[in-house]
Amino acid sequence: NKMINTLKNSPCSNALFRRLERYLLSARWGVIIAAAAISGFEGFPGGSLVPVLPLWGIFFLLNLFLSVYIWKREPFYKNKAALLLSIDLLQTTLILLLTGGYRSAFFVFTLLLAAEIGIVFSWNMGVSLLVGSGVWFSAINVLGQTNDLQAYAAYVVVSKFATFLVVGILVSALSEQLRREKAACQKANTVAERMKNLNALFFRLGESHFDIQRTLNTVIENASTLPQVLFTMALLPAEEKDTWEVIASNLEKHPKGEKVELLDLEKFSHCIGTECPDSLLRWLGSTSQTDLLALSLSAAPKRSGYLLIGYPHYEKPDEETFTYLQSLAQETNLALRNAQLYTQEMDHIEKMQRFERLQATFFSAISHELKTPLSVLKMLMPSLTQLSNLPDSVQAEVLESVSHNLDRLEVLIGDLLESARLEVGSVQIRPRPFSLYRHLEEIFSDLSPLAEGKEQFLESKLSENDLMILADPTRFDQILSNLLLNAIKFSPTRGKIRVTVETGKAEVQICVLDEGPGVPAEDRQQIFDKFYVVKEQKALSGVGLGLFICRELVRLHGGRIWVEDRSQGGSQFCFTLPNEVSNEKNLNN
C-alpha cells in the first residue's frame with residue numbers, strides 16, 4: 001500500500017495533476033465566498049453601475065455552470081483550458097468595471113485567474129501573460145472607479161498589481177517545477193520501457209528460430225509501437241546490383257516482395273530526411289509532412305540491408321528515440337548475423353548429409369556395376385578353357401558377352417578417371433572449327449545398334465551444309481554421346497529420339513529430346529551433380545557420373561547445360577557452345 005501511494009503521489013502520476021484541477025475548482029468557490037464576505041462587510045465602497053443582487057445571481061450561476069464544465073471535462077488536466085481562461089478573463093473584467101474598480105470586492109477573483117495562468121502555461125509564456133494581465137486589470141481598476149479617485153488609489157492599484165503578480169509567479173514556478181519533474185520522470189519511464197521492449201525483443205528474436213523473415217517481422221512490429229512512427233520497412237539486397245527487396249513492411253503501397261533499384265544507397269550507414277538518396281525519397285513518395293530515417297543492417301546477407309522508419313516532419317525523433325532505434329538496428333544486426341550463421345551451418349550439415357547419401361549411393365551403384373560384369377566374366381571363365389570344343393555359334397556368343405562386359409568395365413573405369421581429372425582441373429580443351437553434321441552422323445552411326453535393339457529412331461534436321469561449331473571434337477562427341485545414351489536408355493521401345501540445333505549470335509544451342517519418364521522438378525538442379533541418381537530411375541541409372549562429366553565439359557567450353565520437360569512427355573537436355581562465327585570475329589579483334 002505504501003508503494004502504491006508513493007506511485008500515486010509521484011510527479012509521473014496523472015493523479016497529481018487531476019488533484020490540482022480539483023484544487024482549482026475548490027479555489028474558485030473559495031474566492032467567490034471571500035468576495036461575498038468582503039462585499040457583505042464593506043459593501044461596494046467604489047459604487048456599482050448595476051444592481052448588486054442580479055449581478056451576484058448572474059455571477060453565481062455562471063460559475064456554477066463553469067464548475068460543472070470543469071468537473072466533467074477536466075480542461076486543465078487535458079490542456080484544453082483556453083476557453084475557460086477566456087471566460088474567466090471576460091467575467092473578471094466586466095465585474096470589476098461594474099462594481100467599483102480597484103475598490104471592488106471581486107478583486108480576489110483575479111488571484112484565481114493568476115493561479116490558472118500559472119498552471120496552464122509554461123514559465124516564460126506564463127510570466128509574460130501574468131504581466132500583461134496585471135497591467136490590464138490595473139487599467140480596469142482605474143476605469144471601473146465610479147466615484148472620485150481617492151488619494152491613495154495609485155498605492156492600492158500598484159499593491160493589487162504586485163499581489164496578482166506574486167500569486168501568479170509563485171503558482172507558475174511551482175507548476176514549472178512539477179512539469180519538469182514529470183518530464184524527467186516520464187523520460188526515465190520511457191527509457192525503462194524501451195529497455196524492457198528491447199529485452200522482450202531479444203527474447204522474441206530468440207524464438208524466431210533463426211528465420212530471417214520472422215526476425216524482420218518482429219523488428220518491424222516492435223519499431224511500429226513508437227508513437228511518432230508512421231511506417232516501418234526492412235530492405236535486403238537482391239541479386240541485381242543496386243537493387244533491394246522489401247522483406248517486411250507495414251506500408252500498404254510498398255508491400256513485402258516488391259523490388260526497387262536505389263542508387264547510392266550503399267554509401268550510407270544511416271541517413272535522416274533529405275540526407276537520404278533522392279532515389280529512395282522518390283520511391284517512398286516522401287512529402288513535406290513526412291521524414292525518413294534509414295539505418296543500415298550491415299549483417300544482412302551479401303550487401304547491407306536497411307531499416308526504414310517514417311515519422312512526421314514536425315515531430316523528429318529526439319536523441320533518446322534515435323538511440324533506441326539504433327539499439328533496435330544493432331539487435332537486428334545481431335539476430336541477422338545469428339540467422340546467417342545458423343543458415344550456413346544448416347547448409348553445411350545438409351551438404352554433409354547429402355554427400356553421405358551420395359557416397360552410399362555411389363558405393364552401392366559402383367558395387368553393382370562392377371559386380372555384374374565381373375560375375376558374368378567369372379561365369380564364362382570355365383567356358384573359355386573349352387572354347388575350342390564349343391560350336392562356332394556358342395563361341396561367338398561367349399566372346400561377344402566377354403567383350404561387352406569388358407567394355408562396360410572400361411567405360412565405368414574411364415568415367416571414374418575422367419571425373420577425377422575434371423575435379424582436379426587436368427582436362428584440357430582444344431577447340432577448333434568442325435562440321436556439326438558430320439560429327440552427328442558419326443555418333444548416330446555408333447549408337448544405331450543400341451537404338452535398333454529397342455526399335456528406337458534417331459533423327460535430326462541437319463543437312464551437310466549446316467553450320468560449323470567451335471569446340472573440342474573429342475569432348476563434343478563425349479557430351480552428345482552421353483546425352484544420347486541416356487535418351488536411349490530411358491526412352492521406351494519404338495520411341496523417337498531427336499537432336500535439334502538453334503543458332504544464335506553468340507552461341508549454338510543443341511538439345512536431345514526423348515520420350516522417357518522425364519526428370520522430377522526437385523531433381524533437375526541436382527541431376528548434374530556427381531554420383532546423383534534420381535530415386536525413381538535407380539534401376540536404369542548408372543553411378544551418376546555421365547551427366548556430371550557433361551556439365552563439366554560444357555562448362556570448360558564456356559557453355560551452359562540444363563534439362564526441362566517436354567509438353568508431349570519426356571525430357572529435353574540442352575547445352576550451349578560458342579558460335580564459331582562470333583568466336584572467329586573475337587579472335588580477329
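# Reading a predicted fold

Analyst: Glu455 sits in the loop between α12 (436–453) and β8 (457–460). We start there. Keep in mind that this is a predicted model.

User: Is Glu455 buried, exposed or partly exposed?

Analyst: Read relative accessible area against two cut-offs: buried is under 20%, and exposed is over 50%. Glu455 has 40%, so this residue is partly exposed.

User: Which residue other than glycine has phi near 60°?

Analyst: Asp242 does. Asp242 lies in the loop between β1 (231–237) and β2 (243–249).

User: Does the cut-off make Asp242 buried or exposed?

Analyst: Buried, because its relative accessibility is 18%.

User: β1 has come up. What does a strand residue look like there, taking Thr232 as the case?

Analyst: Thr232 belongs to strand β1. Its relative accessible area is 0%, so Thr232 is buried. Now list its partners, leaving aside neighbours within four places in sequence. They are Ile220, Ala223, Ser224, Ala248, Ser249, Asn250, Leu307, Leu308 and Ile309.

User: Let's turn to helices. How do I describe two that pack?

Analyst: Give the angle between their axes and the distance between the axes. Take α12 and α13. Their axes cross at roughly 40° and come within 10 Å. The crossing is right-handed.

User: Which residues of α12 and α13 meet?

Analyst: From α12 come Leu436, His439, Leu440, Ile443, Phe444, Leu447, Leu450 and Ala451. They meet Pro473, Phe476, Asp477, Leu480, Ser481, Leu484, Leu485 and Ile488 of α13. By class, this contact has 13 nonpolar, two polar and one charged residues.

User: His439 is in that list. Is His439 buried or exposed?

Analyst: Buried, because His439 has 13% relative accessibility. This histidine lies in helix α12.

User: What do the side chains of His439 and Asp477 form?

Analyst: A polar contact of 2.8 Å joins them. Beyond four places in sequence, His439 touches Phe434, Pro473, Phe476 and Asp477.

User: Now α13 and α14. At what angle do they pack, and how far apart are their axes?

Analyst: α13 (residues 473–490) and α14 (residues 546–556) pack at about 145°, with axes 9 Å apart. α13 passes α14 in a left-handed crossing. On the α13 side the contact uses Arg475, Gln478, Ile479, Asn482, Leu483 and Asn486. On the α14 side it uses Gly546, Leu547, Ile549, Cys550, Leu553 and Val554. The classes are seven nonpolar, four polar and one charged.

User: What should I expect of nonpolar side chains?

Analyst: In soluble globular proteins, they tend to be buried together. Here the largest nonpolar core has 43 residues. Phe476, Leu480, Leu484, Ile510 and Phe575 touch the most other members.

User: Which elements give two or more residues to this core?

Analyst: They are α12, β9 (468–471), α13, β10 (496–503), β11 (507–513), α14, β12 (561–565) and β13 (571–578). Follow Phe575 next. Leaving out residues up to four places away in sequence, Phe575 touches Phe476, Ile479, Leu480, Leu483, Val508, Gln509, Ile510, Val554, Arg560, Ile561 and Trp562.

User: How many residues are in the core that lies apart from it?

Analyst: That other core has 30 residues, including Val31, Ile32, Phe109 and Phe164.

Methods. Residues numbered from 1 in each chain as written. Predicted model: local features only at pLDDT ≥ 70, side-chain atom pairs only at ≥ 80, totals over all residues. Heavy atoms only, no water. Axes fitted to C-alpha atoms, helices over the stretch in contact; angles between N-to-C directions. Helix = DSSP H or I, 4+ residues; strand = E, 2+ residues; numbered from the N terminus. Left-handed = near helix turned anticlockwise from the far one by under 90°. Contact = heavy atoms within 4.5 Å. Nonpolar A, V, L, I, M, F, W, Y, C, P; charged D, E, K, R; others polar. Buried < 20%, exposed > 50% of the residue type's maximum accessible area, 1.4 Å probe, protein only. Core = buried A, V, L, I, M, F, W, Y, C linked by side-chain atoms within 4.5 Å. Polar contact = N/O pair within 3.5 Å; in protein donor to acceptor, adjacent residues only side chain to side chain.
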